[in-house]
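User: I am new to this structure. Please take one part of it and go through that part closely.
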Amino acid sequence: MRFYRPLGHIAALTFDLDDTLYDNRLVIQRTEQEALAFVRSYHPALKGLENTELHRLRQSLRESEPEIYHDVTEWRRRSVERAMLEAGLTPEEAAAGANAAMVNFAKWRSRIDVPQETHDTLARLAKKWPLVAITNGNAQPELFGLGEYFKFVLRAGPDGRSKPFSDMYHLAAGRLDVAIGDILHVGDDLTTDVAGAIRSGMQACWIKPQGADLLQAADSRLLPHIEISRLASLTSLI
């Protein structure tokens with residue numbers, strides 16, 4: 001554990017999910033493959049669909065509705081719906097197909113192997129402080145065994161703009177009824193988690209990716225209060 005700023009009183013902890021509490025890279029790769037396979041098999045008109053086409057539709061949606069990127073789930077659903085409409089499905093068929101595709105996506109998205117160290121660490125921390133998850137993504141902790149540790153989960157889109165915007169950070173403090181400066185946010189991203197939390201008035205802990213160096217990182221904007229390389233290091237704060 002390395003300290004860059006004086007650490008103040010801690011009344012609660014908030015956590016990023018992906019790549020903070022588990023490795024998300026292979027999960028996303030597998031989920032993208034299965035999601036495309038599902039859409040291709042949904043209707044004969046979609047059997048030749050490529051990911052490049054879905055990316056084009058996503059970009060088109062963002063250009064016409066810039067704020068949609070805050071809600072990655074709705075952004076994906078709308079993109080699939082457009083692909084189905086362009087393939088010749090009726091609006092009713094496309095809406096039903098897009099919803100079915102998102103159910104399939106959620107199933108694969110939540111097949112996450114969480115390290116035992118994460119379970120052990122969160123269980124210990126939860127005995128000392130209330131814990132909250134704050135995510136820009138669409139992982140559902142209750143579906144892969146982490147839901148029991150969190151008082152609640154905040155997701156970009158339904159709960160405000162994505163990090164580093166301060167919406168969810170302030171919402172967490174309000175719902176916990178604690179001063180925002182007494183919350184320690186833990187995450188792997190120097191922009192969304194560290195800079196976002198500090199600019200919102202929180203304290204920040206950077207869990208650095210393997211091989212990363214804060215002093216050489218291109219996205220280093222604000223120094224975290226503390227830096228750790230293993231989640232379990234947080235138990236030393238108890």
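This is a predicted model: local features need pLDDT of at least 70, side-chain atom pairs count only at pLDDT 80 or more; totals for chains, interfaces and linings use all residues.

Analyst: The protein chain exposes about 11500 Å². Carbon and sulfur atoms supply 49% of that area.

The protein chain has seven helices and seven strands. Along the sequence they run β-β-α-α-α-α-α-β-β-α-β-α-β-β. The radius of gyration is 19 Å, close to the 18 Å that the globule rule gives for 238 residues, so the chain is as compact as a globular protein of that length. Its C-alpha trace spans about 60 × 35 × 35 Å along the principal axes. Of the 238 residues, 46% count as buried.

Now helix α6. This helix covers residues 167–176. Its buried residues are Met-168, Tyr-169, Ala-172, Ala-173 and Leu-176. Seen down the axis of α6, they fall within an arc of 140°, so they line one face of the helix. The general rule behind such a pattern is simple. An α-helix has 3.6 residues a turn, so residues three or four places apart point the same way.

What lies over that face? The cover on the buried residues of α6 includes the strands β2 (12–15), β3 (131–135), β4 (152–155) and β5 (183–187). Helix α7 (190–199) is also part of the cover.

Last, the end of the helix. Asp-177 follows α6. The phi of Asp-177 is positive, near 60°.

Terms used
Residues are numbered from 1 along each chain as its sequence is written. Side-chain values use heavy atoms; hydrogens and water are left out. Helices (H or I, at least four residues) and strands (E, at least two) are DSSP runs, numbered from the N terminus. The radius of gyration is taken over C-alpha atoms; the globule rule is 2.2 Å times the number of residues to the power 0.38. Buried means under 20% relative accessible area, exposed over 50%, partly exposed in between (1.4 Å probe, protein chains only). Accessible areas come from the Shrake-Rupley method with a 1.4 Å probe; for residues, only the protein chains shown count as cover. The arc is that of the directions from the helix axis to the C-beta atoms. Contact means heavy atoms within 4.5 Å.
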